[in-house]
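User: I am new to this structure and would like to learn how to read its features. Please take them one at a time, with the general idea before the case.

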Amino acid sequence: MAAPVRAARLFRLAGRTVSSLPATCGHAVGPLERRCYVSVSTGNNLQFRLDERTAHSSLDLFKKNTGVIYRMLGLHPSHVQDNPERFRDWAVVFADEEISSGRHYWEVTVKKSEEFRLGVAEVLMPRDDCVGTNGSSWVFGYAKRKWFAMTGNKMVPVALVGKPERVGILLDYDAGLLELMDTEKHTIIQTIRAQFKIPLCPAFGLWDGELLTHSGLQEPEGPK
């Protein structure tokens, strides 16, 4: 398991907002090469695919690397390419696009999954951590039939009844906002506030079922 994060965190539920302060993680790993990311996005209409080179051995990509499915048995780690970008301990996969500024929106269809995490992470996040357990990642998760916002290994409940089949993620890099959205009503369900200082990428954790990503979308008018 990932080492506990010792630095303090501040979470504020008023206005459905979670705020996080910078932290130091318990783990440190060598620098990862940026060559695994094919482009850098600074505008809107972010278009990405999932990067197989980062995918844990229990995760299979499909539909031209826009979807991911969890395999309980999976592949033995020795049967996947050994590279420093790959997650070895956690069922996590990153997208192949770096984000260094701007507002970006994408959606995720959830199929037969009861445990997953959706959000963003720093491109060079340690690969022995899970998304949400350190100060380098910010996610919205679902487990035990409940939603939560998570960063720095701290969870805050999200008042979302049920499990929608499709949700939206809105990132405003410059304003330090990550928002979970209702794709039917175009309303913001929960907001995480942070200070983004280095490039991010869309990040996904999955422990059963499937996730299908939808990128290259226009930002809904409602949340602006």
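User: What should I know before reading the values?

Analyst: This is a predicted model, in which local features need pLDDT of at least 70, side-chain atom pairs count only at pLDDT 80 or more, and totals for chains, interfaces and linings use all residues. Residues are numbered from 1 along each chain as its sequence is written, and side-chain values use heavy atoms, with hydrogens and water left out.

User: How are strands defined, and which strands pair with strand 12 in the antiparallel sense?

Analyst: Strands are DSSP runs of E with at least two residues, while helices are runs of H or I with at least four, and both are numbered from the N terminus. Two strands pair if DSSP finds at least two bridges between them. Here strand 12 pairs with strand 7 (residues 103–111) in the antiparallel sense over seven bridges. Strand 12 also pairs with strand 13 (residues 177–182), again antiparallel, over six bridges.

User: Which residue of strand 12 is the bridge partner of Val108, and which residue of strand 13 stands opposite Asp172?

Analyst: Val167 in strand 12 is the bridge partner of Val108. Opposite Asp172 stands Leu177 in strand 13. In the hairpin of strand 12 and strand 13, four residues lie between the strands, and Gly176 takes a positive phi near 70°.

User: Is strand 12 mostly covered or mostly open?

Analyst: A residue is called buried under 20% relative accessible area, exposed over 50%, and partly exposed in between, using a 1.4 Å probe and protein chains only. Strand 12 (residues 166–172) is mostly covered, since six of its seven residues are buried. As a general idea, side chains in a regular strand alternate between the two faces of the sheet.

User: What is the geometry of the pair of Trp138 and Phe196?

Analyst: Trp138 and Phe196 are also edge-to-face, with 5.0 Å centre to centre and 85° between the planes. Because Trp138 lies in strand 9 (residues 137–143) and Phe196 in the loop between strand 14 (187–193) and strand 15 (200–206), the pair ties together parts that are 58 residues apart in sequence. Trp138 has 4% relative accessibility, so it counts as buried. Phe196 counts as buried at 10% relative accessibility.

User: Which residues do ring pairs link into a cluster?

Analyst: Phe48, Trp106 and Phe204 are linked into a cluster by ring pairs.

User: What is a salt bridge, and how many are found?

Analyst: Side chains of opposite charge can pair when their charged atoms come close. The criterion is a side-chain nitrogen of Lys or Arg within 4 Å of a carboxyl oxygen of Asp or Glu. The whole-structure search finds seven salt bridges. Among them is the one between Arg71 and Asp60, at 3.0 Å from N to O.

User: Which residues are linked in a network of salt bridges?

Analyst: The network consists of Arg103, Asp172 and Glu219. Between Asp172 and Arg103, the closest N and O atoms are 2.8 Å apart. The side chains of Glu219 and Arg103 meet at 2.5 Å, N to O. Since Glu219 lies in the segment after strand 16 (210–214) and Arg103 in strand 7, this pair ties together parts that are 116 residues apart in sequence. Asp172 counts as buried at 11% relative accessibility, Glu219 is buried with a relative accessible area of 14%, and Arg103 is partly exposed with 24%.

User: Finally, which residues does Leu200 touch?

Analyst: Contact means heavy atoms within 4.5 Å. Not counting residues up to four places away in sequence, Leu200 touches residues including Ile99, Val120, Trp138, Leu171 and Tyr173. Leu200 is found in strand 15 and counts as buried at 0% relative accessibility. Leu200 and Ser100 are 100 residues apart in sequence, yet 6.6 Å apart in space, C-alpha to C-alpha.

Key
Phe/Tyr/Trp six-rings, centres within 6.5 Å; stacked < 30°, edge-to-face > 60°.
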